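Me: Hi, could you walk me through this one? I'd like the overall picture to begin with, then the details.
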Amino acid sequence: MTLPQTVAFSRNSANVFFHILTQCNLKCRHCYINPQQHGQNTLPLSSIVGWLEAFSQNSQTKNLIFLGGEPTLHPDLPAAIRHARRLGFGSITVDTNGYLFHDILDKIDPGEVDVFSFSLDGATRATNDRIRGDGSFDTCVAGIRKAVAKGFDTSLIYTASRANLKELEEMAPLLMNLGIGRFFIQIIGLRGRSACQESETASEGILQIDRRQWLDTVPRIARRIAESGITVSYPKVFLNPDEEFECAGRVADNYFIFPNGRVYRCPLCEDYPIHSLDFKENQLVPAARLNESDFFQLNIPEGCVMNKLIQPQNLSYRKDGTAEYKIACCLLKEEVKPA
Ligand code: SF4
Ligand code: SF4
């Protein structure tokens, strides 16, 4: 059986996460979209085209991911995908909650999109719908089946929290049954809606998973799912003592674009107006300092600076005050491939 491998940050490729709108038909408990920070507008096609063109240099080395809100709510998504294809992006992914609005699967060919990435947060209707809303399990499963039947490559994202960790193990048969090619496990973080919920309902609403639960559960289940022939990725979260800490903001090339023109290099910064770049008249320009790029330069014994600032409960200290372990960059992944 293959063991998990840490996926090193690439210095030679970039990931462009493009939120073309923030509107969504669902209200998932852990949604990280924050309309106060990301706006509520739907980006017109002319801006989508202009902003894609700002990333068109060496586009074959760039992975483009269309997101929302729910990106299929955007009526011009097919035109945006085709324009990105013409510009030569290395890969094009559409992240969707599975509702697949505007008959997107009938307007796009499998040759135009590399992957449709779906989201489910439970192996059962009851658990998923408690987190993502009534009817979302059945709709998403039907969407996956339609995409697979039409010949699209598919992946699935599962945001693990205390509300659904117990069902992670049950995902293997469902993934096999649906014909999913790749499985991404995410860890819930204190961003967007979940940050508000956790502070409001501290006693029973805590969704975050602690270190012991994560380490005892996720790597083991990921290996088991990989044995069924599916590649599994999950965030590393905790570094071993001998592992070096690296901040993706310093050593990798990731862009998180929002429809109000803010561009972040780190997803943990997205609840704050500390983005490092702005789109102004279709040009990418540096944002005012101080901003997230100043945080990336700070070296602390606990690893990720933003984690210490926004979710310090993930840390633990010895009696002498030294950090027991480091928190990895949230973008550092482990991958388990089928043997
Ligand atoms: S589907 Fe995505 S964007 Fe919509 S509410 Fe859920 S997490 Fe948020
Ligand atoms: S999550 Fe932490 S380590 Fe990763 S880019 Fe952001 S600040 Fe840097």
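Reply: Happy to. Helices (H or I, at least four residues) and strands (E, at least two) are DSSP runs here, numbered from the N terminus. By that count the protein has twelve helices and 15 strands. This is a predicted model, where local features need pLDDT of at least 70, side-chain atom pairs count only at pLDDT 80 or more, and totals for chains, interfaces and linings use all residues. Residues are numbered from 1 along each chain as its sequence is written, while chains are lettered from A and ligands numbered from 1 in the order in which they are written.

Me: Which residues touch the most other members of the largest nonpolar core?
Reply: Phe66, Ala222, Ile225 and Val232, out of 87 residues in that core. Helix H9 (residues 211-227) gives the most to it, with six residues. Such a core is a set of buried Ala, Val, Leu, Ile, Met, Phe, Trp, Tyr and Cys residues joined through C-beta atoms within 7 Å.

Me: What is alanine 222 in contact with?
Reply: Beyond its neighbours within four places in sequence, alanine 222 contacts Pro4, Ile185, Val232, Tyr234 and Val336. A contact is a pair of residues whose C-beta atoms, placed from the backbone, lie within 7 Å.

Me: On to the ligands. Which residues are around ligand 1?
Reply: Cys24, Leu26, Lys27, Cys28, Cys31, Ile33, Gly68, Gly69, Glu70 and Asn97. To be near, a residue needs its C-beta atom, placed from the backbone, within 6 Å of the molecule. The shell divides into five nonpolar, three polar and two charged residues. In that scheme Ala, Val, Leu, Ile, Met, Phe, Trp, Tyr, Cys and Pro are nonpolar, Asp, Glu, Lys and Arg are charged, and the others, Gly among them, are polar.

Me: Where does cysteine 31 sit?
Reply: In the loop between strand S2 (14-19) and helix H1 (35-38). Cysteine 31 is partly exposed because 17 other C-beta atoms lie within 10 Å.

Me: Which helix gives the most to the shell around ligand 2?
Reply: H12, with three residues. Helices H10 (248-251), H11 (292-296) and H12 (305-310) each supply at least two. Of the 14 residues around ligand 2, Cys247, Gly249, Cys266, Cys304 and Cys329 come nearest. By class, that shell has twelve nonpolar, two polar and no charged residues.

Me: Now the backbone. Where are there cis peptide bonds?
Reply: One joins glycine 68 and glycine 69, with omega about 20 degrees. Another runs from arginine 289 to leucine 290, with omega near -5 degrees. For context, most peptide bonds are trans.

Me: What is phi for aspartate 103?
Reply: It is near 50 degrees, a positive value in a residue other than glycine. Aspartate 103 counts as exposed because it has 10 C-beta neighbours inside 10 Å.

How values were computed:
A residue is buried if 20 or more other C-beta atoms lie within 10 Å of its own, exposed if 12 or fewer, and partly exposed in between; C-beta atoms are placed from the backbone. Two residues are in contact if their C-beta atoms, placed from the backbone, lie within 7 Å.
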